Amino acid sequence: MVMTNSHRFISVSTSEQTQGKHLTFRREATGTHQVKEASGLLNTIRQALNWHHVQQDLRQHQHQLQLLEARFRNVINKNADSIIIVNSLGLVNFANPATECLFNCKVEDLVGRSLFGSFVVEKPACEIDTTIMPGGGAAGTADTRIVQTQVDITPLNGDKAVAEMRVVETEWEGEIAFLVLLRDITARLRAEEALRQSEARFREQAQQLQQALDNLQQTQAQLVQTEKMSSLGQMVAGVAHEINNPVNFIYGNLTHVRQYTKDLLELVELYQQNYPNPVPEIQEKQQEIDVDFIMQDMPNLVSSMQVGTERIRQIVISLRNFSRLDQAEKKPVNIHEGIDSTLLILHSRLKANPDRPEIEIIKEYGELPLVECYAGQMNQVFMNILNNAIDALEESAGSEQTAQKPQIRIHTSVETENREQETGQKDPPILNSHIVIRIADTGNGMTEEVRNRLFDPFFTTKPVGKGTGLGLSISYQIVREKHSGQLKCTSSPGEGSEFVIELPLH
């Protein structure tokens, strides 16, 4: 019994232990499976959370891209310049709204059409500026070439325009394209042209005003000089007139004085021959007055008086010829008389002085016809040129540059030249005759700079107070404007100067 019960107990205990083990294993298997399921669930939750963050990041990036794109489109759409993208074939892929104003058409009318050659034409002889923009040193970033020039815009409707064009290579939808920037400069060019024209007008007006001022100053100076010459001429004419009457009286009576003196001397000689022994009183008087000397010197005295009065008469005639107040119109004039009258007036300046010897006048007069001119004005020209020659000789006196004797050479001649007729046909040439007056001195000469300004008003190389700079200027105008002639000067340092006056013969 006992053994049976014990066996049962053991059997029961063993059975219970076996069942406990199975339950424990099942519990363990069930726990492991749940852990795996929980771990997978956690991974799924993590992935979901990460995807959610990615989605949020994507949405943020998309939002930022949309903002940037909106800003970019806003900049392009509101840009006043025309922005166009063309492909490698030159066809328009994109254009901003400003392009519509420049080409006077819709953007849709441009897209797909060739831009260059039809709408945009490069201006002829226009400078093209090519600038290389560095890529910045980034890997794979090449330098960008920017081409800039001016082009003519031919819109579909309306007037042509001028634009400043810049072309930059870019990409469009993965392909090579070109970004074309066009800035309308038509209004600017018109404003610049108007400004240039305005500046040109202002410069022209300023030049005209300056020329008018110069002419006014020159005219004023000429009027003053003319008034001085007129006053001098009136004074000279008055003095000549006042001198002329008594001189003519003396000159006319000298002939009778000479004859009377001759008769009286012959009578005294007859008395001496017929009464060789006069009374003592007469002998005493003869010795006192030295009758023999008087009889010998009286003819010489009368001759010298006649020479002096003749000289005075010539001076009076020269003064009257020089003033020429009675000749306000052109008249046939003997040029040689005018030159001689001027030389006679300048005779005192030609004489020797302590600084230089006498100035020699060499006259080489040719056969000249009467010349139709204003005699008084031409005499003024001769006076100015001869005065300048005398001044040049006085300046060169004692100079090392010239050792020649001071001379003034006056040469006159008639020259004839052939001038072709302006008819377009083979007509014989016209003979153009004119007289030439050359007045040369042996002074120091002048430089080219001085010679080029010689006839300018108020130009002078003389010290202050010795020259006004108007003499040669007035002479130039008298010859050129009043007589349709030429007044030229040839000179070089150390070789003297020569003035050439050409007057036409009508």
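In the hairpin of β13 and β14, five residues lie between the strands, and glycine 494 takes a positive phi near 85 degrees. The model is predicted: local features need pLDDT of at least 70, side-chain atom pairs count only at pLDDT 80 or more, and totals for chains, interfaces and linings use all residues. Residues are numbered from 1 along each chain as its sequence is written, and side-chain values use heavy atoms, with hydrogens and water left out.

Strand β13 covers residues 486-491. Strand β14 covers residues 497-504. Strands and helices here are DSSP runs, numbered from the N terminus (strands E, at least two residues; helices H or I, at least four). The two strands run antiparallel and are joined by six bridges. Strands pair if DSSP finds at least two bridges between them. Serine 491 has serine 497 in β14 as its bridge partner. In a regular strand the side chains alternate between the two faces of the sheet. The covered face of β13 holds Leu487, Cys489 and Ser491. Gln486, Lys488 and Thr490 form the uncovered face.

Helix α9 (residues 375-395) packs with helix α7 (residues 335-345) at an angle of about 45 degrees, their axes 9 Å apart. α7 is therefore oblique to α9. Oblique is what remains once angles under 35 degrees (roughly parallel), over 145 (roughly antiparallel) and 65 to 115 (roughly perpendicular) are set aside. Axes are lines fitted to C-alpha atoms, for helices over the stretch in contact, and angles run from 0 to 180 degrees between N-to-C directions. The crossing is right-handed. In a right-handed crossing the near helix is turned clockwise from the far one by less than a right angle; anticlockwise is left-handed. From α7, Ile335, Gly338, Ile339, Thr342, Leu343 and Ile345 meet Asn379, Phe382, Met383 and Leu386 of α9. Contact means heavy atoms within 4.5 Å. Seven of the α7–α9 contact residues are nonpolar, three polar and none charged. Ala, Val, Leu, Ile, Met, Phe, Trp, Tyr, Cys and Pro count as nonpolar, Asp, Glu, Lys and Arg as charged, and the others, Gly among them, as polar.

α9 also meets helix α11 (residues 471-482); the axes come within 9 Å and cross at roughly 140 degrees. This crossing is left-handed. Contact residues include Gln377, Val381 and Asn388 of α9 and Leu472, Ile478 and Lys482 of α11. The α9–α11 contact has seven nonpolar residues, six polar and one charged.

Asparagine 388 lies in α9. Its relative accessible area is 22%, so asparagine 388 is partly exposed (buried is under 20%, exposed over 50%, partly exposed in between; 1.4 Å probe, protein chains only). The C-alpha atoms of asparagine 388 and aspartate 441 are separated by 9.5 Å, with the residues 53 apart along the chain.
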